[in-house]
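Subject: Handover of a structure for your study

Dear colleague,

Please find below the sequence and structure that I am handing over to you.

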Amino acid sequence: NADQDPTVAAEPAQIIHDTLSLCAERFHVSQVELRVRLDTAAPVDCRPAEIAQVLLNLLSNSYDAVAGKPGAWVEVRAQERGGRMVFSVMDSGQRIDPKVAERMMDPFFTTKEVGKGTGLGLSISKGIVESHGGSLQFDSSAANTTFLVSLPLHGSAGK
């Protein structure tokens, strides 16, 4: 897409840092523990502001799912898997109903009450990630609610 900014090599720590600067205070105030695990420093080819937007959306969804519950936590992690960078966002909330999981990437599908969400977050996030040659998936095998954002590593042949 010609009207998009070019991608740059960005370090996962910087992307996560930029994302958390936008939302960490809300987690802190609500006593939701925010965990960060950086298992790699390998740069990823992306438009960092867009990936931060995706992570922020996932973190916000997790926050909404767990805020106010005892022992609430949300974890964001960066790791390399199979030659790709995978950001995961996991939370202490209940597992997502498989029927909801099937539809939650659809535009306008939401489980939030009226006025609390447009239902576009995951759909837009999926589009952003796919425009990077990546994928946004719900990990139905994980013990906790987990979303995976997979992106090409910098210099990988996945262009």
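The model is predicted, so local features are reported only at pLDDT of at least 70 and side-chain atom pairs only at pLDDT 80 or more, while totals for chains, interfaces and linings use all residues. Residues are numbered from 1 along each chain as its sequence is written, and side-chain values use heavy atoms, with hydrogens and water left out.

The sheet

Helices (H or I, at least four residues) and strands (E, at least two) are DSSP runs, numbered from the N terminus. Strands of a sheet pair through backbone hydrogen bonds, either parallel or antiparallel. Here, two strands count as paired if DSSP finds at least two bridges between them. Five strands form an open sheet with mixed pairing, in the order β2-β4-β5-β7-β6. The edges are β2 (33-38) and β6 (135-138); each has a single partner strand, so one side of each is left without a neighbour in the sheet.

Within the sheet, β2 and β4 run parallel and are joined by six bridges; Leu34 has Val74 in β4 as its bridge partner. The strands β4 and β5 run antiparallel, with eight bridges, and Ala78 stands opposite Phe87 in β5. These two strands form a hairpin with two residues between them, and Gly82 in the turn has a positive phi of about 55°. Eight bridges also join β5 to β7, again antiparallel, and Val89 has Phe147 in β7 as its bridge partner.

A residue is called buried under 20% relative accessible area, exposed over 50% and partly exposed in between (1.4 Å probe, protein chains only). Seven of the nine residues of β4 are buried, so β4 is largely enclosed by the rest of the structure.

The core

A nonpolar core is a set of buried Ala, Val, Leu, Ile, Met, Phe, Trp, Tyr and Cys residues joined through side-chain atoms within 4.5 Å. The largest one has 32 residues, and those with the most contacts inside it are Ile15, Leu55, Leu58, Leu59, Phe87 and Val149. Among the elements that give two or more residues to this core are α1 (12-29), α2 (48-66) and β4 (73-81). The helix α2 gives the most, with seven residues. Contact means heavy atoms within 4.5 Å. Not counting residues up to four places away in sequence, Leu59 touches residues including Thr19, Phe27, Leu34, Val74 and Val89.

The aromatic pairs

Rings of Phe, Tyr and Trp (its six-membered ring) pair if their centres lie within 6.5 Å; planes under 30 degrees apart count as stacked, over 60 as edge-to-face and the rest as tilted. The structure holds two such pairs. In one, the rings of Phe27 and Tyr63 have centres 5.1 Å apart and planes at 65°, so the pair is edge-to-face. Phe27 lies in helix α1 and Tyr63 in helix α2, 36 residues apart, and both are buried. Phe138 and Phe147 form a tilted pair, 5.4 Å centre to centre and with 55° between the planes. Phe147 counts as buried, at 6% relative accessibility.

A buried serine

Ser150 lies in strand β7 and counts as buried, at 12% relative accessibility. Its side chain is joined to that of Arg84 by a polar contact of 3.0 Å. A polar contact is a pair of N or O atoms within 3.5 Å; within protein, one must be able to donate a hydrogen and the other to accept it, and residues adjacent in sequence count only if both atoms are side-chain atoms.

Yours sincerely
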